[in-house]
Amino acid sequence: MKCILMNKNIEVLVAEYDQEIKVFSKIYEIKNIKYAPFQLENAYYKKETFRASLSEWFVGRGIPSWRDDLDILLSKLNISTPKELLDKAFGLSLSDQYWLKPYNSNIKYDDINFFDHDFQGSEFTNITFSSSNTSSNKVSLISPNNTTDGRLKKTWIIENKTRYLLKGGYKNEVMQPFNEVLATMICKRMGFKHVPYELAIVNDKVVSKCPCFITKDTELISAYQILHNNCHKNNAYIEYINILEEHGIKNARENLEDMFILDYLMLNEDRHLGNFGIIRNVENLKWLETAPIFDTGQSLNILDYNDEELLINGAGRFFYESNNFDYLLTKIKDIKRYDLNKLDGLCDEFDSLLHKYSSITHMTDRRIDKICTLLMSRINKLKRYIKSV
Ligand SMILES: Nc1ncnc2c1ncn2[C@@H]1O[C@H](COP(=O)(O)OP(=O)(O)OP(=O)(O)O)[C@@H](O)[C@H]1O
Ligand SMILES: [Mg+2]
C-alpha cells in the first residue's frame, strides 16, 4: 500500500507499506522530516538504515510480543500476530498523532482521530480481562487498542467523553493496580507531577484506570526515543537533562528526581526508558514539559514473607543501569527539599485500601500487613537518610 506517514495534519513521508510482511518496503519521498517521530528524525540525520528504523518504530507502536497472555488475546481476536493490527484504524493511537494515510485518499485527521471520535472499547475490554476462552467476532478493530505498548493487559475506554486506560496485573499478581494508586497517593501528597490512577473492577478483577494525558495537540516522546543512539550510556542522566533543558523544558532535573524518589520509596523495578519522557506539541514541535509520572506498578515486590524479615531482591533502574535502590539517592542534588512528613498516615490509608478490596483480590491480612510494613520501612529509611546528609 502506498501511503503517507502523517503527523496529525502534516505529511512526514511517502512510503510503500507491505501489508503482508508488515514492513515499509520503499521510501518514495521525505516531505517533513522534522515532524517525524523523534527517533526517526535522529536516524535520518545520522544516515542510519532509515527504512529499517521506520519499520522498527512502527512495529514498536503496536502490542508487543511480550504482552501478558498475548496468545490468548490473539486467539480471541482470531488473528495470528499483533502486527495484523498495526495498520487497522490507520495506525492511530492515543499516545501520539501519527497515522498512515492511503496515498490519493482525501481522508483527514479530523475525520478519524480517536480523541474526537468514539470507538467501541467494551468488547475488547471484555476479552482482555475475561477468563473465558471464547473468541469474539464482535470486537471492533477500529480502536486505539491496536497501538498500545507495554507488558500488561490493557484497554482504552471512554467514559463521559474522557479516554481512560485500564490496566491489569501481571498473570495472577494483583498488586500492580494498587501500586499505581499508591504512587498517585504519594505524588499527590509530595506535589509530584503525576498521572492520577484509581481502581476499577472489570470482570471481577481489580484494574487500574487513568485518564489519557495526551491531547490532540501533543505526543509522548519516551526517554528511549530521546536517548537511543544519541548519548553516551555512562553519562545518560546528565545528557538527558541537558537535551531537555536545551529544548526549553522547565524543572527537568527536579521532576526526574521526584520520579526517582518515588521509585526509591516504592522499590519500583521497572523505570525503564519507555516509562518516562516528555510531551511535545505536534503543531509547532515545541517541547512542553516532562511527562507526568506513569507506570509505577512493578513495585513493592516481596519475595518471601518470612516472619523475621522481608526478603526483597529487586533492583532499581537508572537509565542504562540496574542498581540497588540506595544508588538512586546518590543522584538527587538537594534531598533536603523533600518533606517526608507529608506522608504521615499514608501507610494506614494504603492498608485500608488493600483491605477494602481483599474479598476480590484474596490478599491475606498477613500479606497486607507485610506490604504496609515494607512501605513504612521505606519511608523511615528515606527520612533517616535525609537527616543524615
Ligand atoms: N494515561 C496515558 N495516556 C497516554 N498514553 C499512555 C498513558 N498511560 C500509558 N500510556 C502509553 O502506553 C504505554 C504503556 O503503558 P504502561 O507503561 O502503563 O504499560 P505497562 O504494560 O505497565 O508497561 P511496561 O511494559 O513498561 O510494564 C506507555 O509507555 C505510554 O506510551
Ligand atoms: Mg510501561
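This note goes through a predicted model point by point.

1. Basis. The model is predicted, so local features need pLDDT of at least 70 and side-chain atom pairs count only at pLDDT 80 or more, while totals for chains, interfaces and linings use all residues. Residues are numbered from 1 along each chain as its sequence is written, chains are lettered from A and ligands numbered from 1 in the order in which they are written, and side-chain values use heavy atoms, with hydrogens and water left out.

2. Cysteines. A disulfide is taken as a pair of cysteine sulfur atoms within 2.5 Å. By this rule there are zero disulfides. For Cys210, the nearest cysteine sulfur belongs to Cys212 and is 8.3 Å away. For Cys347, the nearest cysteine sulfur is that of Cys372, at 6.3 Å. Buried means under 20% relative accessible area, exposed over 50%, and partly exposed in between (1.4 Å probe, protein chains only). Cys210 is buried, at 5% relative accessibility, and Cys347 is buried too, at 7%.

3. Asn275 sits in the loop between α9 (252-266) and β10 (277-281) and Asp295 in the loop between β11 (287-290) and β12 (316-318), so the pair ties together parts that are 20 residues apart in sequence. Both Asn275 and Asp295 are buried. Helices (H or I, at least four residues) and strands (E, at least two) are DSSP runs, numbered from the N terminus.

4. Nonpolar cores. A nonpolar core is a set of buried Ala, Val, Leu, Ile, Met, Phe, Trp, Tyr and Cys residues joined through side-chain atoms within 4.5 Å. The largest one has 90 residues, of which Phe178, Tyr240, Phe319 and Phe350 touch the most other members. This core takes at least three residues from each of domain 1 (2-167) and domain 2 (228-388), with bounds from an automatic or database domain assignment. Apart from it lies another core, of 20 residues, among them Val12, Leu13, Phe24 and Trp57.

5. Surroundings of Tyr240. Which residues is Tyr240 in contact with, leaving aside its neighbours within four places in sequence? They are Ala223, Ile226, Leu227, Leu256, Phe276, Gly277, Ile278 and Phe319, where contact means heavy atoms within 4.5 Å.

6. Positive phi angles. Ala89 has a phi near 55°, a positive value in a residue other than glycine. Ala89 is in the loop between α3 (70-77) and β4 (98-102) and is buried, with a relative accessible area of 8%. Leu300 likewise has a positive phi, near 50°. Leu300 is in the loop between β11 and β12 and is buried at 3% relative accessibility.

7. Strand β1. Five of the six residues of β1 (residues 2-7) are buried, so this strand is largely enclosed by the rest of the structure. Two strands pair if DSSP finds at least two bridges between them. β1 runs antiparallel to β2 (residues 10-18), joined by six bridges; Lys2 has Glu16 as its bridge partner in β2. The two strands form a hairpin with two residues between them, and Lys8 in the turn has a positive phi of about 55°. β1 also pairs with β4 in the antiparallel sense, over five bridges, and Leu100 of β4 is the bridge partner of Leu5.
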